[in-house]
Amino acid sequence: VYIISPADGEIVGRKFTVKFGLQGMGVAPAGVDKPNTGHHHLLIDMNTLPDLNQPMAGAIKHFGGGQTETVLELEPGEHRLQLILGDKFHIPHKPAVISEPITVIVQD
């Protein structure tokens, strides 16, 4: 799993689109029991990964409908973005499918 855009270090406006990429697996909505698939979860400004043995919850943005992009609106400053693919129950795969984190700089 990876972030197609924005690029690492890119300067963006307060409102910007994040596009998700996935290779070697498929995207399926939460609750769909199909082998080798999952749905995206976006971590924003999290410096540690969630418990990889539990359903992802809390401040993590879920894309259980199988979405492959989203529009974020963030305050000005530096922000860290990272994706984790979750299974039908929002639990990370084993081994976990996690993107490299990127940093974006939000400006007015």
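Let's start at E100, which touches L81 and Q82 once you skip residues up to four places away in sequence; contact here means heavy atoms within 4.5 Å. What you are looking at is a predicted model, where local features need pLDDT of at least 70, side-chain atom pairs count only at pLDDT 80 or more, and totals for chains, interfaces and linings use all residues. Residues are numbered from 1 along each chain as its sequence is written, and side-chain values use heavy atoms, with hydrogens and water left out.

E100 sits in the loop between β8 and β9. Strands are DSSP runs (E, at least two residues; helices would be H or I, at least four), numbered from the N terminus. With a relative accessible area of 66%, E100 is exposed. The cut-offs are these: buried means under 20% relative accessible area, exposed means over 50%, and partly exposed is in between (1.4 Å probe, protein chains only). E100 and V1 are 99 residues apart along the chain, and their C-alpha atoms are separated by 8.5 Å.

Not counting residues up to four places away in sequence, S99 touches V1, Y2, I3, Q82 and L83.

**Strands and how they pair**

Strands of a sheet pair through backbone hydrogen bonds, either parallel or antiparallel. For the pairs below, two strands count as paired if DSSP finds at least two bridges between them.

K19, for instance, has E69 in β7 as its bridge partner.

Now for β9 (residues 102-106). Strand β8 (residues 77-86) pairs with β9 in the antiparallel sense over five bridges, and R80 has T103 in β9 as its bridge partner. Strand β2 (residues 11-12) is joined to β9 by two bridges, and these two run parallel. There, I11 stands opposite I105 in β9.

In a regular strand the side chains alternate between the two faces of the sheet.

**H79 and its partner D45**

H79 lies in strand β8 and is buried, at 10% relative accessible area. Leaving aside its neighbours within four places in sequence, H79 is in contact with D45, L74, I102, T103, V104 and V106. The side chains of H79 and D45 are joined by a polar contact of 2.7 Å. A polar contact is a pair of N or O atoms within 3.5 Å; within protein, one must be able to donate a hydrogen and the other to accept it, and residues adjacent in sequence count only if both atoms are side-chain atoms.

D45 is in the loop between β5 and β6 (61-62) and is partly exposed, at 39% relative accessibility.

Most residues other than glycine have a negative phi, and most peptide bonds are trans. D45 has a positive phi of about 60° although it is not a glycine. N36, in the loop between β4 (26-27) and β5 (37-44), also has a positive phi, near 60°. The peptide bond from S5 to P6 is cis, with omega near 5°, and so is the one from K94 to P95, with omega near -5°.

**Salt bridges**

How many salt bridges does a search of the whole structure find? There are three, where a salt bridge is a side-chain nitrogen of Lys or Arg within 4 Å of a carboxyl oxygen of Asp or Glu.

| Pair | N to O distance |
|---|---|
| E75 and R14 | 3.4 Å |
| D108 and R14 | 2.4 Å |
| D33 and K88 | 3.3 Å |

The D33 and K88 pair links distant parts of the chain, 55 residues apart. Through shared partners, salt bridges join R14, E75 and D108 into one network.
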